[in-house]
Amino acid sequence: MSSTNDTGVVAAPASARTSHTHRFRGFVGTGLVAALAAVVATTLAAALAQAVGVDFEVPDGGETIPLSGFAVVTGFFSVVGIVIAAVFRRWSAQPAKRFLWTAVSLTAISLVPPLISGANTATIATLIGLHLVPAAVMIPTLTRSLRTRTG
């Protein structure tokens, strides 16, 4: 009688782990490049709107949103999107589909604050557009990346 202490667990070869790490880094790198593009596009769009007379003054508190504010908030929420996509990539059987639905839903929810801000019509319309600019960059990029890196 022979006794073996085989638990049925086999470690992945080093090349498989390395490949997975490279794919994950590639995914995050793609996301960060898209985030940078979203920040630049949103800030440029805000600067253009400001140049044509949109004041970005929000009546609640009476403060004007600075251009740097658009860049910081866009960068922050773009990184949040990358994290959400990475979570779905790791723990979902259909990460691209789940991310797409989640991101579109969160984008729709993000349109509510400008609508209830009490700002003038030009500011509200521009803020809504400035929510859609980074969404138009980040959502397709991350969804496509999830499809190609997990498919």
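A nonpolar core here is a set of buried Ala, Val, Leu, Ile, Met, Phe, Trp, Tyr and Cys residues joined through side-chain atoms within 4.5 Å; buried means under 20% relative accessible area, exposed over 50%, and partly exposed in between (1.4 Å probe, protein chains only). This is a predicted model, where local features need pLDDT of at least 70, side-chain atom pairs count only at pLDDT 80 or more, and totals for chains, interfaces and linings use all residues. Residues are numbered from 1 along each chain as its sequence is written, and side-chain values use heavy atoms, leaving out hydrogens and water.

Start by colouring by pLDDT (the predictor's confidence in each residue, from 0 to 100). The chain averages 89, with 86% of its residues at 70 or more.

Next, select Phe27, Ile82, Ala85, Phe99, Met138, Leu142 and Leu146: they have the most contacts inside the largest nonpolar core, which has 16 residues. H1, H2, H3 and helix H5 (121-150) each give two or more residues to this core, and H5 supplies the largest share, five. Helices are DSSP runs (H or I, at least four residues), numbered from the N terminus.

Now zoom in on Met138. Which residues does it touch, not counting those up to four places away in sequence? Gly31, Ala34, Ala35, Ala38, Ser78 and Ile82, with contact meaning heavy atoms within 4.5 Å.

Then pick Ala49, Val54, Leu127 and Leu130, which are among the seven residues of a second, separate core.

Last stop: Val79 in helix H2, partly exposed at 40% relative accessible area.
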